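Morning, everyone. Please look at the model on the screen while I talk.

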Amino acid sequence: MYQVPSIMKKLPIPLVVFLFLTGMALAEDYGDAIVMGSIGDARTLVPILASDTASSDITGMVFNGLVKYDKDIKLTGDLAQSWEIKDGGLTIIFHLRRNVLWQDGHPFTAHDVEFTYLKLIDPDVKTPYSGDFERVSSFEVIDDHTIKVTYKEPFSPGLSSWGMSIMPKHLLEKEDLNKTDFGRHPIGTGPYVFKSWRSQEKIELTSYKDYFEAQPYISRYIFRVIPDESTLFLELQTEGVDSTGLTPLQYLRQTDTPFFKEKYRKFRLPSFGYTYMGYNLNDEKFKDARVRKALNYAVDKNEILRIVLLGLGRVCTGPFVPESWAYNKDVIAEEYNPQKARELLKEAGWKDIDNDGILDKNGMKFEFTVITNQGNEERLKSAQIIQKRLKEIGINMKVKVLEWSVFLSEYIDKRKFEAVILGWALARDPDCYDIFHSSKTREGEFNFVGYNNPEVDRLLEEGRRIFEEDKRAEVYHKIHRLIYDEQPYMFLYVPDSLSVLHSRFRGIQPAPIGIGYNFIKWWVPLSEQKYKK
Amino acid sequence: MSVNFVGQINDTIGPADMVNYILRRLLGVIPMLIGITLISFFVIHLAPGKPTTIQQSLNPKVSLEVRERLEKLYGLDKPLHIQYLSWLSRLVRFDFGRSFSDDRPVLDKILERIPLTLTINILSLVLIFLVAIPIGIRSAVKPNGLFDKSATVLVFIFFALPSFWLALLLMNLFGVQLRWLPISGIKSLDFEYLGFWGKLADLTWHLILPLFVSCIGALAGLSRYMRQNMMEALRQPYIYTARAKGLPEHKVVYKHALRNALLPVVTILGLSIPGLLGGSVIFESLFALPGIGRLFYEAVMMRDYPLIMAELVIGTVLTLLGNLLADIGYACVDPRIRYKK
């Protein structure tokens with residue numbers, strides 16, 4: 001005999017019915033599919049091999065790492081339940097989750113992590129990510145769910161490197177990772193299971209019922225390859241794709257029709273990167289810091305932001321973005337001040353002696369060429385605005401656009417440039433040793449401007465050894481201040497990340513890290529579901 | 001291209017001569033292939049940049065040591081002539097190597113794109129012929145008449161229109177405004193669940209716009225050529241004879257004039273064969289068609305040498321074969337060539 005709970009006997013029937021119905025309405029529905037539009041196809045789905053965005057988008061759905069970043073951009077456990085940092089940072093002990101199953105039913109254990117680590121440092125595996133893992137001096141499997149990693153010296157960015165996707169040992173131990181068919185048919189521990197891949201057309205994933213966090217609500221994840229931006233935008237207008245990135249122009253001017261307002265939601269979120277103009281610090285003209293500071297005063301960054309990004313971004317004040325805990329709020333960008341620019345240049349010995357409108361010094365005119373890569377409208381426009389402003393204070397800057405691979409191999413790698421406009425897409429960990437340390441100036445390395453500051457070097461080394469975030473933050477605050485003051489780059493802007501998502505998806509909660517962090521909690525009410533099956 | 005048959009003592013060229021000729025031409029393909037690939041190989045390597053530069057560069061997680069190690073794995077640190085010879089030695093065993101971008105066998109990557117490219121190109125060719133030839137004939141039968149003048153203007157307008165612009169306009173009109181046709185791609189998302197006829201219909205529906213755009217520009221060339229040939233043919237003495245004999249006009253035009261006017265068209269068919277396996281990267285990118293054009297373009301941009309070389313070999317072989325077929329076809333179709341006099 002079914003007993004009605006006594007509390008319900010006291011409530012009037014209509015209220016009970018109402019509560020019951022709203023309870024039903026608020027429950028998330030399973031089903032539907034999300035169609036992502038992408039300009040490029042994935043290359044391989046072996047997670048440690050691919051470095052392109054498309055491949056990482058897919059492997060991010062199929063695999064997990066030991067750690068991941070939560071909505072506040074703090075490291076949290078993924079396959080690792082918890083970890084301990086010992087011996088002043090030399091050792092990290094990971095306690096792995098139990099009851100995690102690979103998508104083929106096999107249990108996940110510490111041996112899978114060991115296998116992934118060994119492949120990462122294997123010289124015959126074509127992985128670009130070995131760098132961080134070569135700093136490990138020993139890797140010990142304590143038991144099926146405990147790992148002890150010891151480093152040669154304390155290395156705090158190492159912790160976030162364990163966000164690397166873990167691969168299944170039982171499926172790959174006998175395979176040649178470079179050639180394995182697994183790259184076209186991956187099996188992971190993540191929320192989505194690989195279903196099919198039609199080259200250059202689409203990749204389809206289905207939700208994993210036994211995912212250790214929870215089964216995702218959206219049943220299918222479809223990745224459509226549409227290489228042309230105009231076509232992608234047209235597909236958006238027929239609801240052929242559910243989500244794609246937008247340019248500032250599209251965001252502001254082309255997506256305010258009644259159709260868009262009804263069918264889509266727009267998102268403007270902070271991005272994790274910046275655009276800059278870098279100087280070749282070995283060039284006579286740019287050796288003097290006063291010259292670089294002068295150029296910084298001579299260019300109005302707000303103007304660039306307004307024209308190039310239509311205001312959808314922020315002025316950059318140094319090597320960190322505002323969302324990062326390493327960002328120093330006290331570093332304020334210098335105001336546009338052409339008068340001060342001229343004064344500083346005069347101090348550095350640059351005057352217009354022959355009255356031709358261009359500054360001279362020791363018989364040399366202040367002329368230089370800035371290079372940038374083909375295909376990036378924003379960088380080209382920024383260059384042109386800078387060119388105009390520099391002309392006003394007597395500097396003749398030419399702009400040269402080069403094809404990407406020529407740009408990298410002939411000019412950047414060989415340091416054959418005077419100035420360059422580029423951008424960095426940053427990792428969440430603020431360690432920028434590879435970009436600003438004086439030892440990273442060999443051909444092919446990333447300190448191609450040739451920055452050399454012993455104090456910054458010391459701070460960069462220190463920042464990598466400290467694990468407590470507060471103490472690390474102090475170090476990076478100092479680095480932020482020093483680098484902005486010295487101006488090895490003219491820091492230009494931090495663009496906003498603009499995207500659009502079909503309005504039928506619920507559960508989106510914008511956070512400092514973006515909106516994708518809780519993707520498994522997104523859902524579509526049954527009545528609005530578009531893709532049945 | 002001049003045709004040079006060595007015949008026997010008799011007047012006509014017999015089958016034995018044809019076989020002889022074909023064999024000699026086929027053998028001639030080999031030294032040409034080696035020459036072309038040798039030059040291509042070195043020219044490609046003249047372009048600055050290596051596959052490893054593009055793939056991993058400016059990714060702060062990828063250090064210099066890692067890139068050097070990757071270069072060794074790809075064999076890029078060996079001298080050029082060694083790289084060429086090892087490529088050639090694999091080629092004679094029909095091993096085209098593996099793509100640098102994802103290590104898949106190059107042949108797989110090319111073969112999976114061929115059906116689509118071939119289909120579109122063959123259908124395109126058929127459609128162009130089906131439309132351009134009647135236009136040419138009709139124009140020639142009444143030169144400078146109303147049909148001729150309007151057809152000329154129309155085909156030249158189509159010829160002058162930039163195809164990518166036209167494509168976007170039509171995609172907007174038929175895709176977004178009218179919702180009659182899909183915008184891009186070759187299959188719908190639920191393609192796998194359709195029956196056989198459903199799949200055929202889906203493919204056809206997706207191909208309408210791309211085929212239309214690809215054919216429209218080519219109409220001008222062939223229709224003008226056809227018109228010219230027809231007018232030539234209609235001026236011949238045997239046409240007077242035919243008319244004098246009292247033959248009905250449609251027999252004069254179709255049975256006598258057309259047959260002769262079509263001969264040069266055979267040459268065009270033969271010369272179109274290499275183009276069958278080519279694709280336009282702009283066209284394919286616009287319509288999101290996974291064809292050969294995009295594959296080749298991306299291979300060049302990424303310096304994916306095995307893939308580039310494979311496509312060049314295929315292109316070369318097809319061009320040479322196409323020429324051969326055109327010559328043979330012409331000989332078969334034109335009795336005058338078969339007779340030594």
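This is a predicted model: local features need pLDDT of at least 70, side-chain atom pairs count only at pLDDT 80 or more; totals for chains, interfaces and linings use all residues.

Start with strand β1 of chain A, residues 31–38. Is it enclosed or open? Count the buried residues: six of the eight. A residue counts as buried here if 20 or more other C-beta atoms lie within 10 Å of its own. So β1(A) is largely enclosed by the rest of the structure.

Next, its partner. β1(A) runs parallel to β10(A), and seven bridges join them. Find A:Ser38; opposite it, in β10(A), stands A:Val225.

Now go further along the chain. Strand β17 of chain A covers residues 367–373, and strand β18 of chain A covers 396–402. They pair in the parallel sense, over seven bridges. Which residue of β18(A) is the bridge partner of A:Thr372? That is A:Val401. Helix α15 of chain A, residues 377–392, belongs with these strands. Together, β17(A), α15(A) and β18(A) make a β-α-β unit, and the unit is right-handed.

Last topic: the two chains. In chain A, 40 residues are in contact with 40 residues of chain B. Which elements of chain A supply at least two residues each to that side? They are α5 (130–133), β10 (218–225), α8 (229–237), α16 (404–412) and α17 (433–436). α16(A) gives the most, with six residues. By class, this side of chain A has 13 nonpolar, 16 polar and eleven charged residues.

Technical notes: Residues are numbered from 1 along each chain as its sequence is written. Chains are lettered from A and ligands numbered from 1 in the order in which they are written. Two strands pair if DSSP finds at least two bridges between them. Helices (H or I, at least four residues) and strands (E, at least two) are DSSP runs, numbered from the N terminus. A crossover is right-handed if, with the strands pointing away from the viewer, the path from the first strand over the helix to the second runs clockwise. Two residues are in contact if their C-beta atoms, placed from the backbone, lie within 7 Å. Ala, Val, Leu, Ile, Met, Phe, Trp, Tyr, Cys and Pro count as nonpolar, Asp, Glu, Lys and Arg as charged, and the others, Gly among them, as polar. A residue is buried if 20 or more other C-beta atoms lie within 10 Å of its own, exposed if 12 or fewer, and partly exposed in between; C-beta atoms are placed from the backbone.
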